[in-house]
Amino acid sequence: MIRKKTRQVQVGGVMIGGEAPISVQSMNTTDTADIAATLAQIKELAEAGCELTRLAVPDATAASALGEICRFSILPIIADIHFDYRLALAAIKNGVNGLRINPGNLRDQEGLVQIAAAARKRRIPIRVGVNSGSLDRRMIEYYGGITAEAMAHSALAAARRLEETGFEDICLSVKASDPGLTISSYRLLSQLTDYPLHLGVTEAGTAWEGTIRSAVGIGTLLAEGIGDTIRVSLTADPCEEVKAGYAILRALNLRQRGAVLVSCPTCGRTQVDMLKLVKEVETRLIKINTPLTVAVMGCIVNGPGEARAADIGLAGGQGEFVLFKKGEIICKLSEDEAVDALFSEIEKMEQESGEQAQ
Ligand code: SF4
């Protein structure tokens, strides 16, 4: 997989584009004006592996809350601005690390000039975030609908308006709720620009459906070398977005954070309660940051092979499991003991990898 070479921008301490790893971002669901709740959710997101988060700035109260949030946040903060350029100016003044503006609803050129000047002074980048649900009407009319051309050229036109002010610290996105339109829009945009691209399928849906739609949209583009940072948009806890984001990157071997769980689909041979066990393993793996492959298999057909090939694995038998670590059998376990024994070994592996990293 050859990644398209893009320019680089920096949001807080996170580099986006160029040779930088593809970063995973999310968006808080808290009311930005509620500073304590917002900071608590930022902490949860950071623990889940989120690298950047975006906050809605619908009004002046939210914009002024950004001062304290930015002071205490452990993640770089991107202010999400629609309609009113003055909210962008207030967000910049209050210390945000990046801005997202929507060219579909922020068309005031004088306002844009002021935003660009303030962002340049604070050295923060601006993402021009086109969204199929709020695409500039003039683009829709000119291109005869919400098309890839309309999406890509809307982003480029806004980038040009920023360039005219001398501002080029830009990132672009062209998200549609339809994965097919998302893919064609980004493909076209990637051919036309070398600005870094933020990928996402917008309003993708619930954790289940939305993860699949995002994996198709974002995954297809990443597999073609397109994209520098990703956000999975789900109607769910934003930590689920982060989890899904890393799963997409891991599937393409682009990032290795956290564990890959290999589990068999079960069949008539299964003689252990695999569904319950795999669910518990999946839940407990969320807290594991070390890149590991963990196998949980139902029987002796593929179980020993997969468990041996993984960093650590359980292979089921008749009401019992064999625990493998780095290809070697460690012990036999009853169904009740299996998960705790697996995690006691995983925790040791986390500790060892932490010591090696120091
Ligand atoms: S590993 Fe065994 S239990 Fe699991 S699907 Fe394969 S044959 Fe069935």
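Tutor: Let us begin with naming: helices (H or I, at least four residues) and strands (E, at least two) are DSSP runs, numbered from the N terminus. Please keep in mind throughout that this is a predicted model. In those terms, the chain has twelve helices and 15 strands, and glutamine 114, for example, is placed in helix α4.

Student: What does glutamine 114 touch, leaving out residues up to four places away in sequence?

Tutor: Glutamine 114 touches Tyr85 and Leu89. Tyrosine 85 is 29 residues away from glutamine 114 in sequence, while their C-alpha atoms are 8.2 Å apart in space.

Student: Why does glutamine 114 count as partly exposed?

Tutor: The class rests on a count of neighbours: a residue is buried if 20 or more other C-beta atoms lie within 10 Å of its own, exposed if 12 or fewer, and partly exposed in between. Glutamine 114 has 17 C-beta neighbours inside 10 Å, and therefore counts as partly exposed. Over the chain, 46% of the 358 residues count as buried.

Student: How should I judge the overall dimensions of the chain?

Tutor: One may compare the radius of gyration with that of a globule: for 358 residues a compact globule would have a value near 21 Å, and the chain has 23 Å, which agrees. Taken along the principal axes, the C-alpha atoms fill a box of roughly 70 × 45 × 30 Å. Of the contacts with a separation of 6 or more, 63% are between residues 24 or more positions apart.

Student: Next, the strands: in what order do the eight strands of the open sheet lie?

Tutor: In general, strands of a sheet pair through backbone hydrogen bonds, either parallel or antiparallel. Here the order is β8-β7-β6-β5-β4-β3-β10-β9, with parallel pairing. The edge strands, β8 (170-175) and β9 (198-199), each pair on one side only.

Student: Which way do the residues of strand β6 point, and are they buried or exposed?

Tutor: The general idea is that in a regular strand the side chains alternate between the two faces of the sheet. In β6 (residues 98-101), Gly98 and Arg100 point one way and Leu99 and Ile101 the other way, and all of them are buried.

Student: How is β6 connected to the strands beside it?

Tutor: On one side, four bridges join β6 to β5 (residues 77-81), and the two run parallel; isoleucine 81 stands opposite isoleucine 101 in β6. The chain crosses from β5 through helix α3 (residues 85-93) to β6, and this β-α-β crossover is right-handed. β6 also pairs with β7 (residues 126-131) over three parallel bridges, where valine 128 is the bridge partner of isoleucine 101. Together, β6, helix α4 (residues 109-122) and β7 make a right-handed β-α-β unit.

Student: Where is there an antiparallel pairing to set beside these?

Tutor: β1 and strand β2 (residues 14-17) pair in the antiparallel sense over four bridges, with valine 9 opposite isoleucine 16 in β2. These strands form a hairpin with two residues between them, and glycine 12 in the turn has a positive phi of about 60°.

Student: Which residue other than glycine has a positive phi near 55°?

Tutor: As a rule, most residues other than glycine have a negative phi, and most peptide bonds are trans. Arginine 123 has a positive phi near 55°; arginine 123 lies in the loop between α4 and β7 and is exposed, with 9 other C-beta atoms within 10 Å. Lysine 326, also not a glycine, has a positive phi of about 50°. Lysine 326 lies in the loop between β14 (320-325) and β15 (328-334), and counts as exposed because it has 12 C-beta neighbours inside 10 Å.

Terms used
Residues are numbered from 1 along each chain as its sequence is written. This is a predicted model: local features need pLDDT of at least 70, side-chain atom pairs count only at pLDDT 80 or more; totals for chains, interfaces and linings use all residues. The radius of gyration is taken over C-alpha atoms; the globule rule is 2.2 Å times the number of residues to the power 0.38. Two residues are in contact if their C-beta atoms, placed from the backbone, lie within 7 Å. Two strands pair if DSSP finds at least two bridges between them. A crossover is right-handed if, with the strands pointing away from the viewer, the path from the first strand over the helix to the second runs clockwise.
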